Amino acid sequence: MRASSLFTQRNFWACIPLSLEEVADRLATSFGLVDPDFGADGPEEWFEGFASDGVSFYIYRQGGITAPLRFIVKPYLTNPTAFGHRLASCFGQAVSYGDVSYLGDERYSFSELSRYDHVVTS
């Protein structure tokens with residue numbers, strides 16, 4: 001039997017073995033993120049902030065440095081491709097995009113719709 005979700009959001013995600021401070025530093029360099037506000041509650045950690053182009057980031061991870069890092073971006077992107085490639089280049093690794101469903105009891109499922117790879121330009 002399939003577990004039903006309580007809610008689903010479209011997010012970017014990747015397993016990035018960096019602290020949230022290091023993630024924020026990279027986003028500052030690549031997107032112009034300024035003055036991120038950090039928080040934590042048990043195994044959950046997050047930060048939020050604005051980029052120089054007005055994009056709002058909410059970055060969330062539950063379960064430590066090996067858990068998927070979710071990138072919740074506003075305003076909603078009708079075409080996430082260019083942004084996904086920018087994120088992949090920012091971290092030098094593939095970034096997924098798709099449906100993230102909350103299943104209850106602090107459990108999530110991830111359903112990938114697209115994967116954006118880091119492209120090396122010469």
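User: Where is the place of Pro75?

Analyst: This is a predicted model, in which local features need pLDDT of at least 70, side-chain atom pairs count only at pLDDT 80 or more, and totals for chains, interfaces and linings use all residues. Residues are numbered from 1 along each chain as its sequence is written, and side-chain values use heavy atoms, with hydrogens and water left out. Helices (H or I, at least four residues) and strands (E, at least two) are DSSP runs numbered from the N terminus. The place of Pro75 is in the loop between β5 and α2.

User: Is the peptide bond from Lys74 to Pro75 cis or trans?

Analyst: Omega of the bond from Lys74 to Pro75 is near 5 degrees. The peptide bond is cis.

User: Which residues does Leu77 touch, not counting residues up to four places away in sequence?

Analyst: Leu77 also lies in the loop between β5 and α2. Its C-alpha atom is separated by 9.5 Å from that of Arg10, 67 residues apart along the chain. With contact meaning heavy atoms within 4.5 Å, Leu77 touches Phe12, Phe83 and Tyr97.

User: Are α1 and α2 parallel, perpendicular or oblique to each other?

Analyst: Helix α1 (residues 20-31) and helix α2 (residues 81-91) pack at an angle of about 125 degrees, their axes being 10 Å apart. Axes are lines fitted to C-alpha atoms, for helices over the stretch in contact, and angles run from 0 to 180 degrees between N-to-C directions. Angles under 35 degrees count as roughly parallel, over 145 as roughly antiparallel, 65 to 115 as roughly perpendicular and the rest as oblique. The relation of α1 and α2 is therefore oblique.

User: Which residues of α2 are buried?

Analyst: Buried means under 20% relative accessible area, exposed over 50%, and partly exposed in between, with a 1.4 Å probe and protein chains only. The buried residues of α2 pack against β1 (7-14), α1, β4 (56-62), β5 (69-74), β6 (95-104) and β7 (107-116). In α2, those buried are Phe83, Gly84, Leu87, Ala88, Cys90 and Phe91.

User: Is Asp35 buried or exposed?

Analyst: Asp35 is found in strand β2 (residues 34-41). Its phi is near 45 degrees, a positive value in a residue other than glycine. With a relative accessible area of 74%, Asp35 is exposed.
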